[in-house]
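Dear colleague,

I am handing over the structure below, and I would be glad if you kept it open beside this message while you read what was found in it.

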Amino acid sequence: SSGINAEYGGHERASFERTLCCMLKDLEGHCTTVELRNEIQITGTVDHVDGHMNISMSNVLYEKPRQLPVKFSHIKIHGKQIRFVHIPDQINMQKAITKQLDENRHDNRKYGTKKREGYIEKKRVERQKIMDNLKQS
């Protein structure tokens, strides 16, 4: 997966920096389950995640409560409909977040957004403190 700046505009980059969407970006290529607000579960391979947490998946099993599952070759999920995303055991969440934020910070220099570097670094430090606190508990 590549940094978000190479793919999206400023609004999506800003959303990416302020949310844990950066962790979901690292799920690209992995199989996982996404639970929607309406009790539907979608299991498949994550192909793409954008800055608004919209997810494209392939080889999908679409499961509605009290109905038989249906298979689809591809599906797109609107980010606002997502309740949970299951993180596979092989994904180290701390490394995933750090990797995506570091790539994003590197891309920001390339795109000439020095003005925001201080803000981004401040947010990175805040996230690191949260991750450190999680490790301790």
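Which residues in the largest nonpolar core touch the most other members? Please bear in mind throughout that this is a predicted model. The core holds 23 residues, and those that touch the most other members are Val34, Ile42, Ile55, Met57 and Ile77. Two or more residues are given to this core by each of H2, strand E1 (31–36), strand E2 (41–49), strand E3 (55–63), strand E4 (70–77), E5 and helix H3 (93–110), and the largest share, 4 residues, comes from H2. As general background, nonpolar side chains tend to be buried together in soluble globular proteins.

E2 and E3 run antiparallel and are joined by 7 bridges, and Ile42 has Tyr62 in E3 as its bridge partner. The hairpin of these two strands has 5 residues between them, and there Met53 takes a positive phi near 70°. E3 also pairs with E4 in the antiparallel sense, over 7 bridges, with Ile55 standing opposite Ile77 in E4. Leaving aside residues up to four places away in sequence, Ile55 touches several others, among them Val34, Val46, Ile75, Ile82 and Val85.

Finally, the largest pocket, with a volume of about 150 Å³, is lined by 11 residues, and Leu20, Met23, Leu24, Met53 and Val85 are those that lie nearest its centre. By class, this lining has 9 nonpolar, 1 polar and 1 charged residues, and its largest share, 4 residues, comes from E5.

With best wishes

Terms used
Residues numbered from 1 in each chain as written. Predicted model: local features only at pLDDT ≥ 70, side-chain atom pairs only at ≥ 80, totals over all residues. Heavy atoms only, no water. 1 Å grid on protein atoms, 1.4 Å probe; cavity = no way out; pocket = protein on both sides within 12 Å on 5 of 7 lines; lining within 4 Å. Points joined across faces, edges and corners; volume = space filled by probe spheres on them. Nonpolar A, V, L, I, M, F, W, Y, C, P; charged D, E, K, R; others polar. Core = buried A, V, L, I, M, F, W, Y, C linked by side-chain atoms within 4.5 Å. Buried < 20%, exposed > 50% of the residue type's maximum accessible area, 1.4 Å probe, protein only. Contact = heavy atoms within 4.5 Å. Pairing = 2+ DSSP bridges.
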